[in-house]
Amino acid sequence: MLRILYRFLTSMARLAVRSGRSKDLEIIVLRHQLAVLNRQTDRPQLGADDRTLLGAIAQALPRSLRVGWLVTPDTLLRWHRRRVARHWTQPERPSGRPSTAIALRL
């Protein structure tokens, strides 16, 4: 579900940049950052939804328009690496032989 949202946001952001509406994207990012800051009293904590929105918009905006964001380009890359690692990580399985059914033990 999160992957679909990310792709949708990325395609919408690219469309806005192509149509010359990158100022609108900047305004969206600034408003979102204000919302994040208003939720916090200490250091801002960005959730998965926040990361998805910022990552999708950052992919569409040119680097020169990303000045002054709450996150650095290194942070965006770290989020991306973690997302890819989580996608390819296999779920943990219990090691050893599975236990036998109670009916077979009797």
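This is a predicted model: local features need pLDDT of at least 70, side-chain atom pairs count only at pLDDT 80 or more; totals for chains, interfaces and linings use all residues.
Residues are numbered from 1 along each chain as its sequence is written, and side-chain values use heavy atoms, with hydrogens and water left out.

Let's begin with helix α1, residues 2-18, where we find Met 12. Helices here are DSSP runs of H or I with at least four residues, numbered from the N terminus. Why is Met 12 called partly exposed? Because its relative accessibility is 41%, and the class runs between buried, under 20%, and exposed, over 50%, with a 1.4 Å probe and protein chains only.

The largest pocket has a volume of about 740 Å³. Of its 22 lining residues, the closest to the centre are Tyr 6, Trp 79, His 80, Arg 83 and Val 84. A pocket is an open set of points on a 1 Å grid over the protein atoms alone, with protein on both sides within 12 Å along at least five of seven lines, and lining residues have an atom within 4 Å of a point. Which helix gives the largest share of that lining? That is α4, with 11 residues.

Finally, Gln 45 sits in the loop between α2 (22-39) and α3. Gln 45 counts as exposed because its relative accessibility is 51%. From Phe 8, Gln 45 is 37 residues away in sequence and 24 Å away in space, C-alpha to C-alpha.

Terms used
Helices (H or I, at least four residues) and strands (E, at least two) are DSSP runs, numbered from the N terminus. On a 1 Å grid over the protein atoms alone, a cavity is a set of points where a 1.4 Å probe fits but cannot get out, and a pocket is an open set with protein on both sides within 12 Å along at least five of seven lines; lining residues have an atom within 4 Å of a point. Grid points are joined across faces, edges and corners, and a volume is the space filled by probe spheres set on the points.
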